[in-house]
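Let's take a walk through this structure together. Have the sequence and the model at hand, and we'll go from open spaces to strands and rings.

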Amino acid sequence: MKIIYYLLIFLCCCACGKRSRQKSPTRIVTDALGRNVVLPDSVKRVVCVRASAIRLVVYAGGVSYICGVEEQEARNNEFTHAFAHPGLVHKSVIGPGMGGDPELIMAVRPDVIFMSCTTIGDADELQRRTGISVFTIEYGDIGRDRSVFYKSLQQIGKVLHTEAQVDTLISFIDAQIMELKKRTAGEVKPRKVYVGGISYKGQKGIISTDPYYAAFGFLGVNNVASVVDSAFVSPVTGTYIDWEQLIEWNPDVIFVDMGGWPLVREDFRNRPGVNRLLKAYRTKQMYALWPYNNHHSNFEVMLANAWYAGKVLYPERFADISMKDKTNEIMTHFVGAPIASDLAGCWGEYKNVSELP
């Protein structure tokens, strides 16, 4: 009997050892918060939680890995990645926005959870509750914090082995910004511009602005709001001025984020006397820009806006640019499809809005 007993133990140990040897290889990759995350060597399935983590993963060439989406992605929306990849709306829902639901996440069996806008504590807790590796990413922006944006793309590329796609996108962005700056170089007296109607957790009127509007930086123009004290600037709650300040600045051109157009239109309707004090209003120099602040910043939209603003401010230098062709080029590099017509159908064409009812 002892011989049989020891034989059974030996066979069990052999079986356990075999299973151990067959375990998938892993690697350790450091995420945005400095956490050393153990990941499968080959990642096949991912989910993305919190504000626009999914957008960064799509930028990095990872759309085919996405196996579940937060609730806001599964309904009709105005996200560029949704226009480019309509199949995302049919993915299994992993819970509400800003974090999903651990049980629903586990149900779609991802290899990795990408998580943005988070803390070490929240990331560790979600990893503990699901038993799935949580990899944090930071959003950055395409203007002042472009290095943060690039680093996140590179980290995602390392996790998914899509480094080639990431390198191609980064090179494209750098080339586009360089070309914009080249076309506007040598301007002795940059025109004064202002952008209003920028959405922050909902529609806002003309006094909602962005002192760091990246498109203006690429063009080297004078964003009159850039003088706003940084203490009053927030990427979350927004930046607001008063009408008196706008009149004092008196920009040559006013751009309107079409996300806030209904409120901007009411602003001008209700202040006919004030309007006449604004040079841009009197000279009909008010132009549409597409909404870029939609569930976090849409960097591809900002880049397209920069090209249109260039056409408005420097028509001779940008006469060769077709906005439809340029937008399709940008969208194809960022989200993988030429969706200019879809976006124009959603937000309207780029145009002068001075005469709109």
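The lining of the largest pocket is made up of 20 nonpolar, 16 polar and seven charged residues. Here Ala, Val, Leu, Ile, Met, Phe, Trp, Tyr, Cys and Pro count as nonpolar, Asp, Glu, Lys and Arg as charged, and the others, Gly among them, as polar. What you're looking at is a predicted model, where local features need pLDDT of at least 70, side-chain atom pairs count only at pLDDT 80 or more, and totals for chains, interfaces and linings use all residues. Residues are numbered from 1 along each chain as its sequence is written, and side-chain values use heavy atoms, with hydrogens and water left out.

How do you find a pocket at all? Rolling a probe the size of a water molecule over the atoms shows where empty space is left. In practice, a pocket is an open set of points on a 1 Å grid over the protein atoms alone, where a 1.4 Å probe fits, with protein on both sides within 12 Å along at least five of seven lines; lining residues have an atom within 4 Å of a point.

Which residues lie nearest its centre? They are Phe268, Tyr281, Met286, Ser354 and Leu356, out of eleven in the lining. Helix H10 (residues 261-269) provides the largest share, four residues. By class, this lining holds seven nonpolar, one polar and three charged residues.

Now back to E6 and E7, which belong to an open sheet of five strands in the order E5-E4-E3-E6-E7, paired in parallel. Two strands pair if DSSP finds at least two bridges between them. Strand E5 (92-93) and E7 are the edges, each pairing on one side only. E6 and E7 are joined by five bridges, and Phe114 stands opposite Phe135 in E7.

On to the rings: there are 19 aromatic pairs in the structure. Rings of Phe, Tyr and Trp (its six-membered ring) pair if their centres lie within 6.5 Å, with planes under 30 degrees apart called stacked, over 60 edge-to-face and the rest tilted. Phe149 and Tyr150 are a tilted pair because their planes meet at 40°, with centres 5.8 Å apart. Phe149, at 0% relative accessibility, is buried, and so is Tyr150 at 11%; buried means under 20% relative accessible area, exposed over 50% and partly exposed in between (1.4 Å probe, protein chains only).

Trp243 and Phe268 pair edge-to-face, 5.8 Å centre to centre with 85° between the planes. This pair links distant parts of the chain, with Trp243 in helix H9 (residues 243-249) and Phe268 in helix H10, 25 residues apart. Both Trp243 and Phe268 are buried. Elsewhere, ring pairs tie Tyr59, Tyr139, Phe149, Tyr150, Phe299 and Phe334 into a cluster.

Note on methods:
Helix = DSSP H or I, 4+ residues; strand = E, 2+ residues; numbered from the N terminus.
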